[in-house]
Amino acid sequence: MSVSRGRRASRAIWPVAGGAAVASGAVAWAGGQGAAAAVLVAVGVLTAVAAFLADRTATRSSDLDVEKVADRLADLVRDQWDTEATRRGVGRPPLEVFWEAADSDLVRTWPELLAQAAGGRGGPACAAPGSGPGDLAGHGALLTAYERSPCGRLVVLGEPGAGKTVLLMRFVLDLLARRGAGEPVPLLVPMASWKPDDQSLHAWLEAQILRTYPRLSAVDTATGRRRAGALLDAGLILPVLDGLDEIRVGGRDQALAAVNDGLRSNTGLVLSCRAEEFRAAVHPGPDRHPIHLDGAAAVRLRPLTPVAVGAYLLAGAGRDGPTRWAPALAALADPTSALARALATPLTASLASAVYNPRPRESTSGLPDPADLIALPTPEAVEQHLFAGFVAGAYRPYHDHPTRWNAEQAVRYLAFLARHLEHRLQTTGLAWWEMPAAVPRSCLLTALGLMNGLVIGLVTGLAAGVVVGPVAGLVVGLATGPVAGLAAGLSCRSGNSRPGQLTLRRPRREDLVLALLLGLLSGVMNGILLGLVKGPVVGLLGGSAIGLVGGLGFVLAIRPVFDTDADVHAVSGPRGLLADDRNSGLVGGLLLGSTVGLACGIMTTLCFGFGSGSALALAGGFAAGLGVCLAGGAGESWGWAWSQLVVTRLWLAARRQQPLCLVAFLTEAHDRGVLRQAGAVWEFRHVSLQRHLADDQP
């Protein structure tokens with residue numbers, strides 16, 4: 001069956017099912033089965049309405065052109081990095097970074113790069129390449145050097161803290177500012193989590209895009225591909241890979257070879273690395289051929305001059321800055337001093353300014369003395385001193401920016417997060433839905449089961465109390481809650497889950513086939529039972545009704561009609577993603593609970609007539625569905641990530657490892673410049689800060 005015919009069949013099944021339910025209701029009404037008739041008619045009407053809405057929504061969103069998806073993603077990336085660059089002061093004077101062409105043995109010769117560009121073998125050919133490597137030298141906008149590279153591929157080399165990440169951020173913004181419709185979208189991706197020995201470049205890139213922009217996990221019905229993979233296949237992603245030296249598993253030379261094998265000829269590239277680590281990757285041994293990155297030119301960042309650093313520090317020092325900084329600037333004037341060598345990078349210079357300079361409208365009274373830097377014997381000691389003082393400086397009391405956490409608490413909480421990323425997840429990106437990995441699996445399952453049992457016991461007990469009295473309701477709640485909670489806890493899968501957002505879409509053909517099979521099985525089984533008790537007519541009608549409800553419940557609960565949408569504009573950062581996932585969990589619980597309760601109510605009504613038993617069955621089924629969704633047993637798209645985060649927050653707060661308001665703490669750390677935000681995840685300001693906190697704190 002073709003794709004278009006399959007879609008027409010999918011659209012046709014829902015109205016037919018709704019019409020069948022209404023017809024069955026009419027027959028039931030004529031046979032004197034008023035309650036069953038009402039239920040069947042309601043199911044039929046709801047099914048038809050759902051089919052209409054699903055078809056309209058699917059027409060609008062499910063089959064978006066991949067270039068339109070790229071355009072939407074470009075707008076989102078531009079907004080996110082523009083906000084982040086403004087927050088971090090990127091592009092403001094006076095600190096400026098200069099670069100020059102890298103050593104010639106690290107890349108192919110310029111004639112070879114021109115030949116690769118002419119043959120279309122090394123990336124998208126540049127319209128006006130430079131005349132030689134010397135034309136790559138410059139400062140300010142890295143985009144200029146990129147446009148002079150013959151093949152649209154560039155390697156940026158520099159020492160730790162030399163400003164590579166900030167340059168890449170500015171490059172992304174500059175390229176997006178001149179991007180035309182349908183052109184590739186530059187995405188800044190940290191490389192720390194890549195394992196080139198067991199992950200291809202394409203697979204890893206797709207996983208990282210989904211991690212940062214979860215809405216791109218939607219499957220395009222036209223191609224059967226996830227949106228992230230479709231963008232990569234179409235060459236609409238320009239990878240901006242930050243930190244080849246941060247790869248932990250698999251050799252860096254192996255990573256370079258994997259990039260050459262996995263990067264398509266129409267795809268550009270920007271890659272950053274520390275200089276010596278890149279040299280070791282290109283020249284892995286005397287008995288091996290060099291591994292040059294196909295089509296890539298390379299530049300190397302130059303150290304900052306003492307004059308530039310001094311001007312930068314004084315620019316934010318306030319009125320008495322020249323007096324306070326005079327001893328340190330005198331030591332800085334000697335290029336061989338430990339202080340001059342330590343402050344030769346933008347990272348350490350910015351840390352020194354954050355620790356020793358006042359904020360706007362802040363007094364210098366009580367600030368640490370910059371002269372303390374003179375006594376430190378080595379550049380490494382200066383750097384560690386600045387890292388140690390940075391978090392305390394970021395959280396020092398300030399009347400224009402009050403904080404809920406003091407410096408001691410912030411250091412403890414951030415150190416735990418750094419160890420979580422460094423030693424457990426082995427990455428640099430902090431995603432809130434991956435925090436449950438910090439909780440023992442048995443504790444997580446137990447807590448989810450208790451949450452499920454509490455909801456089920458409470459709702460069922462209240463319903464029973466209204467029908468048969470408070471004492472009996474309490475007994476029913478205490479009896480059903482623990483059993484259901486245990487079952488849900490055992491059924492939950494512990495692990496990480498991408499957050500989801502419910503949105504109406506047309507069900508896929510396989511969803512409908514499974515739903516119809518389940519409905520047929522459920523209808524036959526329940527119809528036989530009803531037929532034995534109430535006769536063949538009631539058995540046929542009741543089995544049909546329960547089968548329709550059961551099939552609908554399968555589509556809603558197991559293969560949701562409400563699924564993750566491809567609208568990437570829906571991503572509004574980590575907090576917005578959390579709100580979407582929480583709301584999705586609640587709505588999913590209501591949907592599943594209503595379906596289960598309706599099936600239980602139909603069965604009870606047909607067997608015993610409408611009364612207290614029907615109400616209790618309806619309430620119990622509703623509670624069961626809601627509880628299972630809240631506990632995470634209904635699937636990854638319905639509040640599973642959120643419900644696990646609730647348990648994680650309680651566990652970590654009880655152990656004083658994180659505050660109870662975890663997301664609020666992370667948001668404030670971002671506001672104070674300790675963390676940065678990349679799409680839906682947070683990262684430490686610099687990987688060196690993450691490692692300092694992870695290694696130096698108990």
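Predicted model: local features only at pLDDT ≥ 70, side-chain atom pairs only at ≥ 80, totals over all residues.

Q: Okay, and is R656 buried or exposed?
A: R656 is exposed, and its relative accessible area comes to 54%.

Q: What about the phi of R656?
A: The phi of R656 is near 60°, which is a positive value in a residue other than glycine. As background, most residues other than glycine have a negative phi.

Q: Let's zoom out. How many helices and strands does the protein chain have?
A: The secondary structure of the protein chain comes to 25 helices and 12 strands.

Q: And what share of the residues is buried?
A: Of the 698 residues in the protein chain, 53% count as buried. As for contacts, if one takes those in the protein chain with a separation of 6 or more, 78% of them are accounted for by residues 24 or more positions apart.

Q: Now the helices. How do the axes of α11 and α12 cross?
A: The axes of helix α11 (residues 306–315) and helix α12 (residues 321–332) come within 10 Å of each other, and they cross at roughly 160°. That angle makes α11 roughly antiparallel to α12, and α11 passes α12 in a right-handed crossing.

Q: Which residues meet there?
A: From α11 the residues are P306, V309, G310, L313 and L314, and in α12 they meet G321, P322, W325, L329 and L332. The residues of this contact of α11 with α12 divide into 8 nonpolar, 2 polar and no charged.

Q: Which residues of α11 are buried?
A: The buried residues of α11 are V309, G310, Y312 and L313. They cover an arc of only 160° around the axis, so they sit on the same side of α11.

Q: What's the reason residues three or four places apart can point the same way?
A: An α-helix has 3.6 residues a turn, so residues with that spacing point the same way.

Q: And what is exposed on the other side of α11?
A: On the other side of α11, V307 and A315 are exposed.

Q: What do the buried residues of α11 pack against?
A: They pack against α12 and also against α14 (346–356).

Q: Which residues make the contact of α11 with α14?
A: V309, Y312 and L313 of α11 make it together with A349, S350, A352 and S353 of α14. By class, that contact has 5 nonpolar, 2 polar and no charged residues.

Q: At what angle do α14 and α15 pack?
A: α14 and helix α15 (residues 379–394) pack at an angle of about 45°, and their axes are 9 Å apart. The two are therefore oblique to each other, and the crossing of α14 and α15 is left-handed.

Q: Who is in that contact?
A: On the α14 side the residues are L347, T348, L351, A352, A354, V355 and Y356, while α15 contributes E383, H385, L386, F387, G389 and F390. By class, the contact of α14 with α15 has 9 nonpolar, 3 polar and 1 charged residues.

Q: Last one: where is A207?
A: A207 has its place in helix α7 (residues 201–212), where A207 is partly exposed, with a relative accessible area of 35%. The C-alpha atoms of A207 and S217, which are 10 residues apart along the chain, are separated by 9.4 Å.

How values were computed
Residues numbered from 1 in each chain as written. Heavy atoms only, no water. Axes fitted to C-alpha atoms, helices over the stretch in contact; angles between N-to-C directions. Helix = DSSP H or I, 4+ residues; strand = E, 2+ residues; numbered from the N terminus. Parallel < 35°, antiparallel > 145°, perpendicular 65-115°, else oblique. Left-handed = near helix turned anticlockwise from the far one by under 90°. Contact = heavy atoms within 4.5 Å. Nonpolar A, V, L, I, M, F, W, Y, C, P; charged D, E, K, R; others polar. Buried < 20%, exposed > 50% of the residue type's maximum accessible area, 1.4 Å probe, protein only. Arc of directions from axis to C-beta.
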